[in-house]
Amino acid sequence: MSIELLSDQDNLLLRAWRRGELDEAKALEFETRLFFEPALLEAAKLDQALEACFREAPALLAGNASGKTWRRHWERGWPLLLAASVGALAVLPFRHADVQSPVLGNVEWVAVDVRRNGGTETPFLVAPRDSADLVVIEIPAPRGATGPFRLRLTGLDDRQVALELDKLQAADGVLSLAFTRDALAAGVYRVELAVAGERSAFAPTDLSFRYQP
Amino acid sequence: MRALTAPLEVVLRNRLRGAPVDDLRQETLLVVLQAARAGQIQEPRALVDFALTTARQLMLNEDRKRQRQRTDSRGEMDDLPDAQPDGFDFVVGEQRRHCVEKVIAGIGNERERQLLHAYYLEEQPSDQLQARFGLDSGQLGRVLYRARQHFAALWNALAFETI
């Protein structure tokens, strides 16, 4: 999967094509590009899926969700999300790094970095709440690089690779690693990175965390 | 042929507005394969042109066939509800709907979801969106990029267990 930042022009073209606003010649030209440009094809696929998802569950996305929906979310523990959102509203473009482990529905976001852990040797604790089915760990990407990277989590005790992801791209200097709650066993994991597409070995980072599902 | 499948599917999905694409995709690939074997296509660009032209022709034929059936049945078909387009073929069923909700809930913060909702569902023009959310085109592009990236990561993580 090749997810890249599209140019403004391509974002506009992609949108116009999806909405059937291009004349036949331009639509054909755009469709031909889909066969030769993997990043554009991936963006088109994802946009189609996103649009379909939005149509499937519009209430979740609408900013003006019904009072009933909001009450239900509130009862599920959304105060934390709201607090995080208020913080996020003040900052554009959107960043997750300053949000303290927000929960969105059943997804928990955790920013793991040395700064938040006070620069100590103690591994950062990642203990998802009971309501979280999915955990997204965000780590700082190597400075000035956007990837793609290969990332793996290695158990500190058994030295076994617990999880490995390929072709990760950094967004706003952050790499996002999403996994289901049960994908990792309890333990301490070290984050290791390598540049994708090269035969370079994985290099350990300064980041490690204790996972407690 | 494998390299043709994914883009062809995306094109058909867009042109057919969410109706099932499997049959047309297979039919198109079959025609392309036969033409390639017969030596009618010499280079990749011609292969793509031929595939797109074939797909358009087959879609037109399909459309005409439907129109004819509708006329032949003297309007009886008009009483039947149209098939509901579902965008992605896999986004169906209760379990998958639940999966979709999980994915959506995982996209960004509240403001980002509002923006994406306006972008994808309300289909507001980009310049209006930029004005409403105080973004320039570059920032809007980055939000879209993040949404696609998070969506792919979450969907893959979920697909590992539930799809």
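Reader: What makes the five strands S3-S9-S8-S5-S6 of chain A a sheet, and in what sense do they pair?
Author: In this predicted model, the five strands of chain A form an open sheet in that order, with mixed pairing. Strands are DSSP runs of E with at least two residues, numbered from the N terminus, and two of them pair if DSSP finds at least two bridges between them.

Reader: Why are S3 and S6 of chain A called edge strands?
Author: Strand S3 (124–126) and S6 of chain A each pair on one side only. From one strand to the next, the twist averages 30 degrees, taken between N-to-C directions of lines fitted to C-alpha atoms, on a scale from 0 to 180 degrees.

Reader: How do you know that S8 and S9 of chain A pair?
Author: Strand S8 (residues 187–195) and strand S9 (residues 203–211) of chain A share six bridges in the antiparallel sense, against a requirement of at least two. Leu193(A) stands opposite Ala203(A) in S9(A).

Reader: Why is Arg159(A) called exposed?
Author: Exposed means that 12 or fewer other C-beta atoms, placed from the backbone, lie within 10 Å of a residue's own; buried takes 20 or more, and partly exposed is in between. Arg159(A) has 8, so Arg159(A) is exposed. Arg159(A) sits in the loop between strand S5 (149–155) and strand S6 (161–168) of chain A, and its phi is near 60 degrees, a positive value in a residue other than glycine.

Reader: Which residues does the model's account cover, and how are they numbered?
Author: Residues are numbered from 1 along each chain as its sequence is written, and chains are lettered from A in the order in which they are written. Local features need pLDDT of at least 70 and side-chain atom pairs count only at pLDDT 80 or more, while totals for chains, interfaces and linings use all residues.

Definitions and conventions: Helices (H or I, at least four residues) and strands (E, at least two) are DSSP runs, numbered from the N terminus.
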